[in-house]
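Colleague: Could you take me through one part of this model up close, starting from a salt bridge and working outward? Please give the cut-offs as you go.

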Amino acid sequence: MGRDSNKRKRGRKPKNPSTETLDLPSTATTALDDVFSVSNVELIDQPTTSATVNVTTQRLGRPKKRPKPDEPPPLLSPIARRFPSRTFDNGDFVDVAVGPMAPEGLTARVVPAMDAVVKVFCVHTEPNFSLPWQRKRQYSSSSSGFVIGGRRVLTNAHSVEHYTQVKLKKRGSDTKYLATVLAIGTECDIAMLTVDDDEFWEGVSPVEFGDLPALQDAVTVVGYPIGGDTISVTSGVVSRIEILSYVHGSTELLGLQIDAAINSGNSGGPAFNNKGNCVGIAFQSLKHEDAENIGYVIPTPVIMHFIQDYEKNGAYTGFPILGVEWQKMENPDLRTAMGMKPDQKGVRIRRIDPTAPESKVLEPSDIILSFDGVDIANDGTVPFRHGERIGFSYLVSQKYTGDNATIKVLRNCEILTFDIKLATHKRLIPAHVKGRPPSYYIIAGFVFTTVSVPYLRSEVGCHLFSPIRGSNSLFLVFHHTHVGSYGKEYEYEAPVKLLDKLLHSMPQSPDEQLVVVSQVLVADINIGYEDIVNTQVLAFNGEPVKNLKSLAAMVENCEDEFLKFDLEYQQIVVLRTKTAKAATLDILATHCIPSAVSDDLKL
């Protein structure tokens, strides 16, 4: 047995079919990438895997016709000689797998052209919510993108969030080209870029989009994950199609779940089908001890909605939502009590956003029977494709801001039909600041600012916020799974009131904001108030605080002897007006703060 058993003996060929195994490079995962959003859906540290392609060749029937003696054999490149089962065309190869189910014994899988995939380099400068008059230290990240028609490039929104500079590099090039950001869709986690330099577009063909794939369809994810400078390819199949929580956008939209490895840096890279058409954009993956190889892709319906929205309006306007919170009607006693007939199905409206257009026609306890003629089931789903159902919010997300929709409801055993105008709604605690610096106002060392999800992440150190699945993307869930700036006791010291408002509060007017005292810059004027942190401001001198701009105006124009702030938990802050305003300048100089008010609040 010392002789190599794989060496072929002289003489006749063996009767058994020969098997050739190609060991392709392994796909190894790396550490978390800066450009991936941090949320309940995170990057996963997957074990190293290797892909093995078995190509089995079996001679059937008449032997292969041999070339004539005077006919030279075809010339093969070194790569083709190494992989005789593949044919090459302009640098891209065709895998040829032989099997009994193939026509004439052969099937071919075309690998898409990858020259349209680019590497995205971004320098980020994030706002500093603890010190809102300045920004954090800049940092760099790399991700992926791809060229589409119209001299444009698509990537993820979180890849260029709070960007200072964006550069693109083509496959096989050593030049980085400055890019311009045309639009950022925070909800759908897609950004659109362009490059002014004509040289960048030379020799690059845009990708073609394909239809929404079906379950078990093969997908190939292409990008530039961390761990190398060259392009990387991972493959898998579509394992699920449903409404997903988009981590970066804090919303719910249609998404694909795949089992192909999506590693750090794959963000923004295209996912191709077996025809070479783009069917999605890689954007997040699931990290959980009980889950393996779960990645998520933004599908073509969402991508086309983003592109067409930009082309129609000249800017990204967002995805409309139905500003209601609803309840399932699966309980038969509940349906009977609500006056529903046995053949009627729908969901019950619990609450309505007062700022939403539908609040003028819909009422709590209305039963939504259908949306745009599509009947809604008792669990809130609608027919999607053969054998599949999906949440009815998918129907809403297919619309554009300003579009009309027909809603049929059951109210007091009477069926009513309403035609409503859909809009994007402003939340009391917004999920994004959309690149704008935070607003602030300072008086006597008290730093007043507004609450947003990024502010809560920064202050509380809690980064897991996601929409309530099956309810409506208007509301968010906070997951206690991270210890942040409050240390191990953060569950006791975090601003619980603010988290409760994040989950349940609705704005009563479009310009309403939640104003808080984020901190107190210690000075003689504010002795005894040093411990006030992240506390909501309810009223000033008896007047309710509607937003930060109105508070700043009331304080600046106040001629009363005292400034009195009513805070949450029945706290009050009282300062002498003249002394407080005089002390503000010294406090600003001590802490090197250029202005007592942010630019957007200056009168």
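Modeller: Glu 561 and Arg 576 join their side chains in a salt bridge, with N and O 2.7 Å apart; the term asks for a side-chain nitrogen of Lys or Arg within 4 Å of a carboxyl oxygen of Asp or Glu. Arg 576 belongs to strand E35, while Glu 561 is in the loop between helix H8 (548-556) and strand E34 (562-567), so this pair ties together parts that are 15 residues apart in sequence. Helices (H or I, at least four residues) and strands (E, at least two) are DSSP runs numbered from the N terminus. Arg 576 is partly exposed, because its relative accessible area is 41%; buried means under 20%, exposed over 50%, and partly exposed in between, with a 1.4 Å probe and protein chains only.

Before going on, bear in mind that this is a predicted model, so local features need pLDDT of at least 70 and side-chain atom pairs pLDDT 80 or more, whereas totals for chains, interfaces and linings use all residues. Residues are numbered from 1 along each chain as its sequence is written, and side-chain values use heavy atoms, leaving out hydrogens and water.

Back to strand E35, which spans residues 572-576 and includes Ile 572. Ile 572 has a relative accessible area of 47%, so that residue is partly exposed. Together with Phe 562 and Val 574, Ile 572 makes a nonpolar surface patch with about 230 Å² of accessible area in total. Patches take residues with over 30% relative accessible area and no salt bridge, joining nonpolar side chains (Val, Leu, Ile, Met, Phe, Trp, Tyr) within 5 Å and like charges within 9 Å. Areas are Shrake-Rupley values with a 1.4 Å probe, and for residues just the protein chains shown count as cover. Another group to look at is the aromatic cluster of Tyr 441, Phe 446, Phe 448, Tyr 529, Phe 540 and Phe 565.

Now for the other salt bridges: a search of the whole structure gives 15. One of them pairs Arg 171 with Asp 115, and their closest N and O atoms are 3.4 Å apart. Arg 171 is in the loop between E9 and strand E10 (176-178), and Asp 115 in the loop between strand E5 (106-110) and strand E6 (117-124), so parts 56 residues apart in sequence are tied together. Both ends are partly exposed, Arg 171 because of its 33% relative accessibility and Asp 115 because of its 42%. Asp 198 and Arg 151 make another bridge, at 3.0 Å from N to O. This one links distant parts, 47 residues apart: Asp 198 is in the loop between strand E12 (190-194) and strand E13 (218-223), and Arg 151 in the loop between strand E7 (139-148) and E8. Arg 151 counts as partly exposed, at 37% relative accessibility. Glu 325, Arg 350 and Arg 351 are linked in a salt-bridge network.

Charges also meet rings here. Lys 170 puts its charged end over the ring of Phe 200, 5.9 Å from the centre, and Lys 176 does so over Phe 121, at 4.0 Å; the test is NZ of Lys or CZ of Arg within 6 Å of the ring centre and within 35 degrees of the ring normal. The structure has 13 aromatic pairs in all. Among them, Phe 200 and Trp 201 sit edge-to-face, 4.9 Å centre to centre with 90° between the planes. Rings of Phe, Tyr and Trp (its six-membered ring) pair when their centres lie within 6.5 Å, with planes under 30 degrees apart called stacked, over 60 edge-to-face and the rest tilted. Phe 200 counts as buried because its relative accessibility is 0%, and Trp 201 is buried at 12%.

Next, Leu 182 in strand E11 (residues 180-185). Leu 182 counts as partly exposed, at 32% relative accessibility. Its contacts, meaning heavy atoms within 4.5 Å, include Arg 152, Met 192 and Tyr 310, leaving aside residues up to four places away in sequence.

Zooming out, the chain has 9 helices and 35 strands, and 50% of its 603 residues are buried.
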